[in-house]
Structure formats: structure tokens, C-alpha cells
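The sequence and the structure are shown here.

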Amino acid sequence: MPSVSEQFFSVMFNFFVRLSIYLNTVLSLFGLKLIRNKDPLFYNLCEDKNLNPVSILYSSGNQDILLRVPMQLGRTHRWFDLSNASLDPPLAALKFAQKNQIHERELHIFLLKLFETQRDLVNPLNAFSAVGLSENKESKLSKYPAWSLVLPWESQDIEHKFDAFPVAVKQDRLKSGFKIDSDDPVEIMEQDRLNSIDSHVKQFTKLLDSIGKNGLLQGSKNGYISALILIDGSHWRWIIGGEGNHRAIVASFLGHNEIDVLVEGVIRKEDSKYWPNVCNGLYTVSEAEQVFESIFDAKPSFIYKPWLDYFKNKLIS
């Protein structure tokens, strides 16, 4: 049982994490970001097995924390692990291409076709199926598209995500030269789903070349890969946060067993009943903990089964 001071710290820490995430969400609409002036404190969790992320938080004050973490404890945005055996679509595709000596222009074409196949095979009906829960037509999650999904511990509610996310996607795609004319959220996201794969492939191939030649560059100039730390009792995992998804996947593919991540937040399972999207009724405590456990144990939603079947049967059989 945590002490009163530990409980108080947990509540206050999570409050300030949620507040900073909210402020950055608002500021991002104006191209701004809230940062701290101090350099992050660095801890090597791969070297010191006795360190725990929670104990580090107590000694860090209000400084950012940079952790060196094992890749095998990492999770992608699709909840696959980041190990060498991962079947996360981009990771699996890159490893297959390497094994079959697919390079340069042929690599771009191969990844493009494979990502298009994955897009067509993994097409959740709604946010409820995207999160891997059994269907419940009474849940608000069943009434919203998969791209508006918010996780139980996120400060953003699903209504705001539905309104704000397509606007951010439209602005981001315009920076890459892809103009979306519609202002309808559903149409924006459908156009993005159908037309953004080439951009992702280019990002992967560019990073392959860059990290392969120069290593994984991080810092104030290059930015950091961010992560959420998930804690269940005395055990912990990490999942890629809002920055560095492509870089983390490429680093794993290139054989990095350890990686430095900037802590974006800490999620403790024992706090599940206090998570924002549990308090507002979007998730029950049981559903929220099921989602936590799925990510923690690297068990992606059932919506990825067609992809897994395809990859195993068509490519590695």
C-alpha cells in the first residue's frame, strides 16, 4: 500500500503531466511548444537494474528525465513490442526486405505496397474495436471512428480528439506538400488514410540512410524520442510517446538494443480509477485496465490478426 505522500505525489505528478500535455496541444495549433530550460537528467535503466522509474521521479524535481531503456521493453503505437522478433508492420516489413536484399528504389516500392496491404487489412470499424475491446454498442467508443481513439489515461476526451486531430493532420500534411481541401473531419482522415502512405515510406527510407550513417542523433537540436512509462507493481514497460515513432522503429531495425527516451509521462495501473477517460465514463475501470495490460504485455488489438496472418502466410511461409 503506497504511503499518503506517495499517493499525493502520484496525483500531483499526473496532474502536471496532463496540464503540460493539454497546454502543448493548444500551443501546437500555433506552431509552439512548451519546454523546460534545464537539460534533462539522465538515468541508465539498462545498466542499473535496481533503478525504478518511480524512484527516479522523486529525485528529479521538475526537470525533464532522459532514460536509457531496453528496446525489448518498448511498445510501438500499435502495441507490438520493439524487439528483434517484433511483427509490428513497419518493423516486420523492414526485416523482410533486409533478409531478401531489397534495397533503394525497390525498397520504396516494396514498403509502399506492403503498407497499402496493411492499411486495407487493418480497418477497424470504430474506436472500440481499435482499442481491442469486445463490442459494446452502448459505449461512446463504438460511436466514434478509430482515428479519434483516446486512451484511458489521456487528458484529451474523445469529442475534442474528433474535432482537433483532423485539423492537425491537415496542417501537417500541407507541410509535406499534400493539400487536403475538405474541412469535414471524416473526409480529411479518409483522404489521409488513402494518400499518406508514400510520405511515411519516404520518412522511413530517409531515416534508414541517416541513422545508418550518423547513428541516432538526439538532443535539443534534433529532438528526442519521447515515451510514456507504464508501471504495474514493481514491473515497468515503455511505449513510444508523441515524438519519434519512426526513429524508434528504425533504431530497433538497425539493431539498437537500448535507446534514450525523454519521459513524457508515467502511467501507473494502480491509479486506473483516477484516469481522466475513466472518470468521465468513457471507459470502465475494467476496460481501462484491460487496455493497459494489452499494451504492457505487447498484445495488439484483434484488428491486426488479418495482417499477422497475411505476413506469416504470404511472406515468411
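## Strand pairing

Alanine 227 stands opposite isoleucine 240, a residue of strand 5. Strand 4 (residues 226-232) and strand 5 (residues 235-240) run antiparallel and are joined by 6 bridges; strands here are DSSP runs of type E with at least two residues, helices are runs of H or I with at least four residues, and both are numbered from the N terminus. Two strands are said to pair if DSSP finds at least two bridges between them. Strand 4 and strand 5 form a hairpin with 2 residues between them, and glycine 233, which lies in the turn, has a positive phi of about 65 degrees.

Strand 5 is also joined to strand 3 by 2 bridges, and these two strands run parallel. In that pairing, glycine 74 stands opposite tryptophan 238 of strand 5.

## Basis of the model

The model is predicted, so that local features need a pLDDT of at least 70 and side-chain atom pairs count only at pLDDT 80 or more, whereas totals for chains, interfaces and linings use all residues. Residues are numbered from 1 along each chain as its sequence is written, and side-chain values use heavy atoms, with hydrogens and water left out.

The 6 strands form an open sheet of mixed pairing, in the order 1-2-6-4-5-3. Its edge strands, each pairing on one side only, are strand 1 (41-44) and strand 3 (74-75). Helix 11 (residues 285-296) packs on the sheet, where it touches strand 3, strand 4, strand 5 and strand 6 (258-268), and its direction makes about 110 degrees with that of strand 4; such angles run from 0 to 180 degrees between N-to-C directions, with axes fitted to C-alpha atoms and, for helices, over the stretch in contact.

In total, the chain has 12 helices and 6 strands. Of its 317 residues, 44% count as buried, a term for under 20% relative accessible area with a 1.4 Å probe and protein chains only, as against over 50% for exposed and partly exposed in between. Among contacts (heavy atoms within 4.5 Å) with a separation of 6 or more, 62% are between residues 24 or more positions apart.

Lysine 269 is found in the loop between strand 6 and helix 10 (276-279). This lysine counts as buried because its relative accessibility is 17%. Not counting residues up to four places away in sequence, lysine 269 touches Ile231, Asp232, Trp275, Glu289, Phe292 and Glu293.

Leucine 315 is found in helix 12 (residues 305-315). Leaving aside neighbours within four places in sequence, leucine 315 is in contact with Phe96, Leu114 and Tyr310.
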